[in-house]
Amino acid sequence: MHVSPVLAAQATYPFVRIEQAKRAAAANGIEIVDFGPGDPREPTDPLIRQALIDALGETRGYPKAEGLPELRSAIAGWLSRRFGVSVDPEAEIVPTYGSKEAIFSFAQVVVDAAGGKDTVLVTEPGYPVPDRGALFAGARVVHLPLREDDGFLPDLDAIEDDTLARTALMWLNYPNNPTAAVAPLSLYEDAAALAREWDFLLASDEAYTELWFSEPPPSALQVADRSNVVAFNTLSKRSSMTGYRSGFVAGPRWVADALRSYRPTVGTAPQEFVQLASVVAWGDEAHVDRARAVYGRKRELLLGALDALGWRVAGSDATMYLWVEVPAGETSEELAERLLGHGIVVAPGAYLGPSGEGYVRMALVPTVEDCERAATTLRSLA
Ligand SMILES: Cc1ncc(COP(=O)(O)O)c(C=O)c1O
C-alpha cells in the first residue's frame with residue numbers, strides 16, 4: 001500500500017484530536033460547550049437563503065471557473081465600498097469554492113522549483129491549510145513565528161536573504177487565526193515591498209476582515225503598489241455561509257489568468273445557485289452588522305468571565321477567536337484537558353504551531369446562551 005509521503009507524515013488534523021476528546025467527555029455524561037473549531041453556527045440570513053432558493057433553476061450546466069459576471073461585479077463592488085480599491089471584475093477576480101481549496105492549491109499554481117522559487121513562507125501558529133498545500137505541492141515551507149512581543153506580526157527583517165531569494169509565496173493572515181491580532185496597513189506595505197524586491201507574491205488570507213470589534217481592519221489590496229499582492233476572502237465568516245462554499249481570489253491579471261487556466265481541471269467553481277446567492281450576500285451589510293453584534297455580545301460575556309478568573313486575554317481585537325494565555329504551571333494541552341473536565345472545549349495553542357504554546361484559542365461559535373453557561377462555569381473556577 002502506498003500513500004503520499006506528505007500525507008503519511010501529517011500529524012492528525014488538530015481538530016480531529018479535539019473532536020475525539022470531546023466525544024469521550026460527552027460519553028462520560030459531561031455537558032459540552034464547544035469553543036474548539038471556528039465553524040460559525042449563526043443562521044444564514046433569510047435574504048441569502050431566499051436568493052439561493054430563487055436561483056434553483058431547472059437545469060444548470062457545469063459552473064465555469066471564471067465565475068458568473070454578476071458575482072464578479074458584486075465582489076468588485078464590495079471591495080470598492082469596503083476598502084476603496086478598484087479591482088477589475090473581468091480580469092482580476094476569480095470566484096472560489098470557499099477560500100480553503102484556493103488557499104490549499106495556490107502553491108501548485110505559483111511555485112516554480114526548477115526556476116529557483118521553491119519556498120513558501122507561512123506564519124505560525126496558524127490555520128494549517130497554506131502550510132499543507134505548499135507541502136503537497138512539493139514546496140519547502142519556512143515558518144515565520146508570531147510572537148506576542150511583536151504584536152503577533154512576523155519579523156520580516158529576520159528572514160534570511162537566501163530564503164527570500166527562493167521564496168515563491170509569503171502567506172499572511174490578518175485578522176489572524178488564532179491570535180485575533182489585526183495587521184496595520186504598514187505590515188502589508190512592508191511585505192509587498194519585500195515581495196517586489198525579491199520577486200515573490202504576497203498572499204493575504206483575509207477570511208476574518210469583517211469580524212471586528214472597534215475599527216474595520218485593512219486589506220492587503222490597499223497597498224500603494226499591489227502588483228505582487230493576492231487577497232483571498234470568503235462569505236463563510238462574514239455571512240455565516242460556511243456550508244455554501246463561496247469565496248474569491250483578487251490579484252493581478254497574470255495570477256487570475258493562471259488560476260483560470262488551472263482551476264477547470266480541479267473543478268472547484270461554486271454551484272451557480274450558490275454564486276447567485278453570494279451576489280446578494282456581498283451586496284448586503286445589514287446582516288454583517290447583526291453578526292458582529294452577536295459576536296461582540298459573546299466576546300463581552302467571555303472577556304468578563306476570564307477577567308474574573310484572572311486569566312489574561314492576549315488577543316481579541318477581531319475574528320471570532322479569543323487567544324487566552326495559559327496560567328503558569330500548565331501546558332496548553334493540559335489546560336484544554338482541565339477545561340474539558342468542566343465541559344468547555346478549547347483548542348490548545350500548541351496544536352496550531354509551536355509558537356502557540358502558552359495559549360488556548362476559544363472560538364466564539366456557541367450560542368449566546370451557551371456562552372453565558374460557559375461564563376458561569378469559568379467564573380466558578382476562580
Ligand atoms: C484563517 C482562515 N482562512 C481561511 C479559512 C477558510 O474558510 P472557507 O474555506 O470556509 O472560506 C478559514 C476557516 O476556518 C480560516 O480560519
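A polar contact is taken here as a pair of N or O atoms within 3.5 Å; within protein, one must be able to donate a hydrogen and the other to accept it, and residues adjacent in sequence count only if both atoms are side-chain atoms. One of its oxygen atoms is 2.7 Å from a polar backbone atom of S99, and an oxygen atom of the ligand is 2.8 Å from a polar backbone atom of K100. D205 takes part through its side chain, with a polar atom 2.6 Å from a nitrogen atom of the ligand. Taken alone the ligand exposes 400 Å², of which the protein buries 92%; accessible areas come from the Shrake-Rupley method with a 1.4 Å probe, and for residues, only the protein chains shown count as cover.

The model is predicted, so local features need pLDDT of at least 70 and side-chain atom pairs count only at pLDDT 80 or more, while totals for chains, interfaces and linings use all residues. Residues are numbered from 1 along each chain as its sequence is written, and side-chain values use heavy atoms, with hydrogens and water left out.

Around the ligand stand 14 residues, the closest being S99, D205, T234, S236 and R245; a residue is counted as near if one of its heavy atoms lies within 4 Å of the molecule or strand in question. This shell divides into four nonpolar, six polar and four charged residues. In this grouping Ala, Val, Leu, Ile, Met, Phe, Trp, Tyr, Cys and Pro count as nonpolar, Asp, Glu, Lys and Arg as charged, and the others, Gly among them, as polar.

The ligand sits in the largest pocket, which applies when more than half of a molecule's atoms lie within 2 Å of the grid points of a cavity or pocket. The elements that give two or more residues to the shell around the ligand are α5 (100-110) and α9 (235-238). Helices (H or I, at least four residues) and strands (E, at least two) are DSSP runs, numbered from the N terminus. On a 1 Å grid over the protein atoms alone, a pocket is an open set of points with protein on both sides within 12 Å along at least five of seven lines, whereas a cavity is a set where a 1.4 Å probe fits but cannot get out; lining residues have an atom within 4 Å of a point.

About 480 Å³ of space lies in the largest pocket, where grid points are joined across faces, edges and corners and a volume is the space filled by probe spheres set on the points. Of its 22 lining residues, G38, K100, Y127, Y208 and K237 are the closest to the centre. Helices α5 and α9 each supply at least two residues of this lining, which divides into nine nonpolar, seven polar and six charged residues.

The structure also holds one cavity of 30 Å³ or more, and the largest cavity has a volume of about 90 Å³. Strands β3 (119-124) and β5 (167-173) are the elements that give two or more residues to its lining, with β5 giving the most, three residues. Among the lining residues are V122, Y127, W171, N177 and D205. The lining comprises five nonpolar residues, five polar and one charged.

Finally, the backbone has some features to look for in the loops. A cis peptide bond joins E124 and P125, with omega about 5°, and P125 lies in the loop between β3 and α6 (129-136). Another cis peptide bond joins N177 and P178, with omega about 20°; P178 is found in the loop between β5 and α8 (185-197). R245 is not a glycine, yet has a positive phi of about 65°, and lies in the loop between α9 and β8 (247-250).
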